[in-house]
Amino acid sequence: MTRFAFLISPVPADATRDIDSTITQIDPDAPALSVGDLSANRGDGVFESIGVFDGRAKQGAPHLERLAKSARLLELPEPNIAQWSRAVDRAVAAIPDQGEWTIKLLLSRGVQIGGPGAPASGPTAWITASPAADFTAAREKGIRVVTLDRGYDSGAAQRAPWLLMGAKTLSYAVNMAAAREAHRRGADEAIFTTTDGYLLEAPTANVILRRGDHFITPEPTAGILHGTTQLAAFDWLEENGHPTGYEHIPVAALAAADAAWFVSSIRLAAPVTHIDGREVPVDHDLTRALNAHLRG
Ligand code: PLP
């Protein structure tokens with residue numbers, strides 16, 4: 001349920017004046033977008049989801065940087081970071097200082113003028129704030145996961161940049177279909193794999209594996225989203241004396257891992273209990289400490 005929403009009138013990336021007046025709080029239940037908006041018609045836009053824990057937004061700057069990166073990949077006008085940042089601050093100010101919330105930032109190509117292929121009006125942009133789902137069970141008990149073929153080989157992202165594999169686009173129908181397939185197979189979540197046998201990411205999370213005292217995650221250039229939570233987790237692990245690294249990780253390494261986690265901004269770190277039906281060890285102490293850090 002969306003509790004707050006703000007419409008943003010995008011201004012050029014370098015504009016500095018009068019930013020507050022370009023952000024308008026709107027009724028979250030009232031119509032706000034044109035039926036011709038390309039986000040709704042083609043998923044042609046980008047977004048971010050920021051976790052807010054007890055009134056504090058986490059990883060705000062990395063989320064804004066990634067919004068700008070996704071916009072560049074889709075050849076959308078460059079977002080004005082100060083403007084988006086101000087909109088996030090206004091949403092945070094409206095959120096109670098206890099509990100878990102999600103702020104979503106959405107940037108669409110806009111409304112199509114004329115027939116298919118015609119130019120758009122210019123971007124439409126808005127943010128919403130909603131109470132987050134309760135992820136206690138996933139964080140404390142863990143999740144069962146299955147591997148699912150993404151249908152690409154590990155060179156696809158480099159070879160075919162128009163697939164937009166490193167961008168957080170509004171086209172999540174494939175991600176949602178993979179989540180449903182995981183449920184059909186009796187699991188909570190999926191991990192995508194390449195056709196040549198490497199790990200990618202989950203439909204809405206990154207994967208971290210523990211091998212001895214070493215923590216690894218798939219190389220972001222291989223066509224996955226570079227997660228803000230994975231980056232924050234690696235910083236914390238390094239500070240606590242655990243080496244971390246990016247690798248091309250063969251699928252077989254999953255079954256051999258000493259522990260595995262799905263990490264993302266709202267759910268935070270969810271330990272993996274089973275991979276394709278096989279049990280994997282769970283490090284509850286480390287999970288608790290990591291989540292306390294990510295939330296704190
Ligand atoms: N990969 C995908 C496809 C995602 O949708 C997400 C988050 O929604 C992530 C990874 C994790 O990113 P973050 O940690 O920044 O939330």
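The chain splits into domain 1 (4-132) and domain 2 (137-295), with the bounds coming from an automatic or database domain assignment. Keep in mind that this is a predicted model, where local features need pLDDT of at least 70, side-chain atom pairs count only at pLDDT 80 or more, and totals for chains, interfaces and linings use all residues. Residues are numbered from 1 along each chain as its sequence is written, and side-chain values use heavy atoms, with hydrogens and water left out.

Taken over C-alpha atoms, the centres of domain 1 and domain 2 are 26 Å apart. Domain 1 puts 27 residues into the contact and domain 2 puts in 19 residues, where contact means heavy atoms within 4.5 Å. Between them the two domains bury about 1900 Å², 60% of it on carbon and sulfur atoms; buried area is the accessible area (1.4 Å probe) that two parts lose on being put together, summed over both. On the domain 1 side, the residues that lose the most area to domain 2 are Phe 47, Phe 53 and Arg 66, together 32% of what that side buries.

Now for the helices (DSSP runs of H or I, at least four residues, numbered from the N terminus). Helix α2 (residues 60-73) and helix α3 (residues 81-94) cross at roughly 135°, and their axes come within 11 Å. Axes here are lines fitted to C-alpha atoms over the stretch in contact, and angles run from 0 to 180 degrees between N-to-C directions. The α2 and α3 pair is therefore oblique. From α2, Leu 64, Leu 67 and Ala 68 meet Ile 81, Trp 84 and Ser 85 of α3. By class, that makes five nonpolar, one polar and no charged residues (Ala, Val, Leu, Ile, Met, Phe, Trp, Tyr, Cys and Pro count as nonpolar, Asp, Glu, Lys and Arg as charged, and the others, Gly among them, as polar).

Further along, helix α7 (residues 228-239) packs on helix α9 (residues 284-295) at about 115°, with the axes 10 Å apart. So α7 is roughly perpendicular to α9, a label covering 65 to 115 degrees, while under 35 is roughly parallel, over 145 roughly antiparallel and the rest oblique. In this pair, Thr 229, Ala 232, Ala 233 and Trp 236 of α7 meet Leu 286, Ala 289, Leu 290, His 293 and Leu 294 of α9.

Definitions and conventions:
Helix = DSSP H or I, 4+ residues; strand = E, 2+ residues; numbered from the N terminus.
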